[in-house]
Amino acid sequence: MATLSQFVTLVSSDDFSFIVLRSAACLSGVIRRMLDPACIIFSHASLLYSVLTLTDGFVEARTNTCHFENISGMVLEKVCEYMYYNEKHRDGKDVPDMDIPPELCLELLMASDYLDSACPSLLHMALLTAA
Amino acid sequence: MPVSSLALMAQRAAIRTLPRIEDVGDTPYELLEPILRRIDNPDHLLKIETNSPHIADKSAPLWQAFIIRDIPDGKTKMLYPKNPRSWHKVYRKLRKEEEAKKQSAEDALKRTLLGLKEEKGSTMFVNKVIARPAKQAMFVDGVLNTRGQQHAAGVSTSARPLQAIKRSVVARAQQQKPHMQTFAKIGVPSGKTQILVAPKSMRPDYNNEVTAAAKRAAEAIKKIAEPKTEIRKVFAPMGKRSATDTALDAARLQQMREREQRLRNLTQPGRKTVAESSAARTPTSTHTSTHSVARASPSVESSTPKRDILLAKPPPRPLPRYPIALPSPASTAADSPGAQYQSDHLQLPPSPPTTASSPGLSLGIGGRSMSPAVVSPKTGTQPKRKRQVDIFMPVKKGRV
């Protein structure tokens, strides 16, 4: 596996699979680290797993698949939409917000928080500025 | 990044639909803080806390903000609960205290107002005659009034008591009614007044005739001016017919019938002479004598066999619209069709006697007068030969 695949798969808790571009998916810090083969495992749970199998990163990195047991299909779909929205307007200025249905907004908030929790300082800064 | 993070976008969306948020599930407080800060109603926050108790652990600053906002002097009255989850209780307690205070203040105000009202309502007994400080006139006869200061006591004791009394009376009058002129200036009225103008009747230019004429003229004008009420006799048929009416009608009918019979006798083959007919006619009532006399000459004319007027069919005439009583059987037997028509006529309301003259021309019977044109015979008579009268210019040979 010299070259990384262009597409990755994100799987929701209710087994919905979303195949997205790697560049778009790596907007989320969590996903980036999950899919990064050079990343070293630090968590207790995965440590045992890695010892048992292979020592080159997470399973996700090898399979290019990320499972999210705490994110539902609908929310994950919106996340993917956001990823592409972001990529599309990468060079733009004062882009309006994406349309988010009220029913999903809290769940989406939680999911986005989870996916970006790799850099909590950034999140907090972002929230403070918003408030 | 030009596009804001998904978290921020989601927060903004949540704020937009904040009223509908009742349960936040297990979303951590830190994420929800910008949203919860936007809540206006403490009850809303309480509801969210009830559904997601972990929020209540950290929502102290929110409750404090509410207390400061809603309760006056909230900062000083701030109570800190032992249980961090019961901040809402603190808020409620403080709120209740505030309400109670407000209510008591309102009650006190009410009481004071009512008290004032009660005071005003009570009746106060006052003297019937209230002593009033007498008002002095500033000027009397164009001069400053200093009388009040001089005669403060009122009655002056002098050698002449009558004059003193007078002076005191005047002074009192001035005190009480300074605007009225006292009799001291004018003099007490004695009843004798000078007559300046003589009465009208005693004046030298007073003319009896003129006045009488004026009076008459005035009366005449009045008469002219007043509305004249004409008394018009209206001979309209009344609703009920009295006994006299019926008797009169019967008498008239009888008279008509007699006359008719007479005429018929004249015109019939079995004819009486003129003298006999006239003699037969005389015993009739006196008031119809003139009528009969008037009729004597026309009846003589009619007796000539030239024209049979009676038998002549009366010209077609529209029947009167008022109700007509059927002729009595006694009259139908002897009457000819023409006469029958006439008897119908007799039932009509009585016509004024002025038209009695014209019946002479009509077919001998009173009642409605017929136009003279009707008299001309139509059927069964020899038409008179009329000379042709050419009213136009005679056509001459040379004329066109």
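Helices (H or I, at least four residues) and strands (E, at least two) are taken here as DSSP runs, numbered from the N terminus. Read in this way along its sequence, chain A follows the pattern β-β-α-α-α-α-β-α-α-α, which gives seven helices and three strands. Chain B has 17 helices and two strands. The model is a predicted one, in which local features need pLDDT of at least 70 and side-chain atom pairs count only at pLDDT 80 or more, while totals for chains, interfaces and linings use all residues. Residues are numbered from 1 along each chain as its sequence is written, chains are lettered from A and ligands numbered from 1 in the order in which they are written, and side-chain values use heavy atoms, with hydrogens and water left out.

Residues are called buried under 20% relative accessible area, exposed over 50% and partly exposed in between (1.4 Å probe, protein chains only). In chain A, buried residues make up 41% of the 131 residues. The accessible surface of chain A (Shrake-Rupley method, 1.4 Å probe; for residues, only the protein chains shown count as cover) comes to about 7700 Å², and 62% of this belongs to carbon and sulfur atoms. With contact meaning heavy atoms within 4.5 Å, residues 24 or more positions apart account for 63% of the contacts in chain A that have a separation of 6 or more. Glu77(A) has its place in helix α5 (residues 73-88) of chain A and is partly exposed, with a relative accessible area of 45%.

Chain B counts 400 residues, 24% of them buried. Its accessible surface is about 31100 Å², with 60% on carbon and sulfur atoms. Among the contacts in chain B between residues at least 6 apart in sequence, 52% join residues at least 24 apart. Helix α2 of chain B (residues 29-36) is largely enclosed by the rest of the structure, because six of its eight residues are buried. These are Tyr29(B), Leu31(B), Leu32(B), Pro34(B), Ile35(B) and Leu36(B).

The two chains meet where 27 residues of chain A are in contact with 29 residues of chain B. Between them the chains bury about 2400 Å², 74% of it on carbon and sulfur atoms; buried area is the accessible area (1.4 Å probe) that two parts lose on being put together, summed over both. Tyr82(A), Leu106(A) and Leu109(A) supply 25% of the area that chain A buries against chain B, more than any other three residues.

Polar links across this interface can also be listed. Two residue pairs are in polar contact, both at pLDDT 80 or more, where a polar contact is a pair of N or O atoms within 3.5 Å; within protein, one must be able to donate a hydrogen and the other to accept it, and residues adjacent in sequence count only if both atoms are side-chain atoms. On the side of chain A that touches chain B, α5, α6 (102-115) and α7 (120-130) of chain A each supply at least two residues. The largest share, nine residues, comes from α6(A). By type, the residues on this side divide into 18 nonpolar, four polar and five charged, with Ala, Val, Leu, Ile, Met, Phe, Trp, Tyr, Cys and Pro counted as nonpolar, Asp, Glu, Lys and Arg as charged, and the others, Gly among them, as polar.

In one, Asp97(A) pairs with Arg12(B), the closest N and O atoms being 2.3 Å apart. Asp97(A) lies in the loop between α5 and α6 of chain A and Arg12(B) in helix α1 (residues 6-16) of chain B, so the pair joins two chains. Both partners are partly exposed, Asp97(A) at 27% relative accessible area and Arg12(B) at 32%. Arg20(B) and Glu103(A) also meet in a salt bridge (3.7 Å, N to O). Here Arg20(B) lies in the loop between α1 and α2 of chain B and Glu103(A) in helix α6 of chain A, so this pair too joins two chains. Arg20(B) is exposed at 60%, as is Glu103(A) at 55%.

Conventions:
A salt bridge is a side-chain nitrogen of Lys or Arg within 4 Å of a carboxyl oxygen of Asp or Glu.
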